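Trainee: I would like to go through this model and ask what stands behind each label. Please set the values against the cut-offs as we go.

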Amino acid sequence: VGSIALGILTVVNAKRKEKRKIATMLEETLVSAAIWILPKVRIHVSGEAPTSYTGSKLATDAPKVVIMNRSCQMDFLYACMLANEVNQSGHVRAIVKSKLKLIPLIGPILSWFRFLFLSGNQEDDDIRIEAYMSRLGGTKREWLVFFPETANVNHKLLKKSKSEAESSNRPVLNHLLLPESDVLENCLAHIKNEDTEIYDLTVQYKGYSGE
């Protein structure tokens, strides 16, 4: 706790480049602390994990856009744990609602970690997305996590999602909510770094119903 507090105080008075380094160290500390404190979990990974093409356990330095489903508040932490396994902890960002920026302590921390805040106003968000995506990859190993479902899945929302899918002639999903694809499409359209890698990280919890 003391080292985190010291990191926050240092970030306040640091230069921009130094802020990034300190924020990365702070994020690494928080993720390591969470892994150590929380009960051990067994994660089965299938598919193509973000590892280097040489077959080593280290991921490439290319920026990554990671599309995730939302089942509970732990989803983002598991993305951070995956980044930690491939030696890229401290570089994971997410697209979140701008109202989180107003929460004391949480808001400034997310800002220092360079999260992308969106207000829901399309015109304003388009400007933020274009500016943010033009910088993605400016720091090596960056991950941008996007939750197209926008809310944790539960029985009520799943029922509503199925109804909307049927009425709009969209695929009916049994375990996921219909994604709001506008933001994702906007992000992908403004990618400037041609080396950017895109991953679909779908998390399933054994025996978890969403309630």
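Mentor: Start with a pair: Lys64 is buried, and Glu197 is buried too. This is a predicted model, in which local features need pLDDT of at least 70 and side-chain atom pairs count only at pLDDT 80 or more, while totals for chains, interfaces and linings use all residues. Residues are numbered from 1 along each chain as its sequence is written, and side-chain values use heavy atoms, with hydrogens and water left out.

Trainee: What makes a residue count as buried?

Mentor: Buried means under 20% relative accessible area, exposed means over 50%, and partly exposed is in between, with a 1.4 Å probe and protein chains only. Buried residues make up 40% of the 211 residues in the chain.

Trainee: Why is the contact of Lys64 with Glu197 called a salt bridge?

Mentor: The term asks for a side-chain nitrogen of Lys or Arg within 4 Å of a carboxyl oxygen of Asp or Glu. For Lys64 and Glu197 the closest N and O atoms are 3.7 Å apart, so the pair qualifies. Lys64 sits in strand β1 and Glu197 in strand β5, 133 residues apart, and the pair thus links distant parts of the chain.

Trainee: How many salt bridges does the structure hold?

Mentor: There are 3. Another joins the side chains of Glu142 and Arg93, at 3.9 Å from N to O.

Trainee: What separates Arg128 and Asp125 in helix α5?

Mentor: About one helical turn, because Arg128 and Asp125 are 3 residues apart in helix α5. Their side chains meet in a salt bridge of 3.2 Å, N to O.

Trainee: Are Arg128 and Asp125 buried or partly exposed?

Mentor: Arg128 has 36% relative accessibility, so it counts as partly exposed. Asp125 has 6%, so it counts as buried.

Trainee: How do you know what is a helix and what is a strand?

Mentor: Helices (H or I, at least four residues) and strands (E, at least two) are DSSP runs, numbered from the N terminus. The chain has 7 helices and 5 strands. From the N terminus on, their order is α-α-β-α-β-α-β-α-β-α-α-β.

Trainee: What makes Val41, Ile43 and Val45 a nonpolar patch?

Mentor: Patches are made of residues with over 30% relative accessible area and no salt bridge; like charges are joined within 9 Å, and nonpolar side chains (Val, Leu, Ile, Met, Phe, Trp, Tyr) within 5 Å. Ile43 has 49% relative accessibility, so it counts as partly exposed. Together Val41, Ile43 and Val45 have about 280 Å² of accessible area, computed by the Shrake-Rupley method with a 1.4 Å probe, where for residues only the protein chains shown count as cover. Ile43 lies in the loop between α2 (16-37) and β1 (64-68).

Trainee: Which residues lie nearest the centre of the second largest pocket?

Mentor: Ile43, His44, Val45, Leu201 and Val203, out of 30 lining residues. A pocket is an open set of points on a 1 Å grid over the protein atoms alone, with protein on both sides within 12 Å along at least five of seven lines; a 1.4 Å probe is used, and lining residues have an atom within 4 Å of a point. α3 gives the most to this lining of the second largest pocket, with 5 residues.

Trainee: Where does the largest share of the lining of the largest pocket come from?

Mentor: From α2, with 5 residues. The largest pocket is lined by 46 residues, and Ile95, Val96, Lys97, Leu100 and Phe147 lie nearest its centre.
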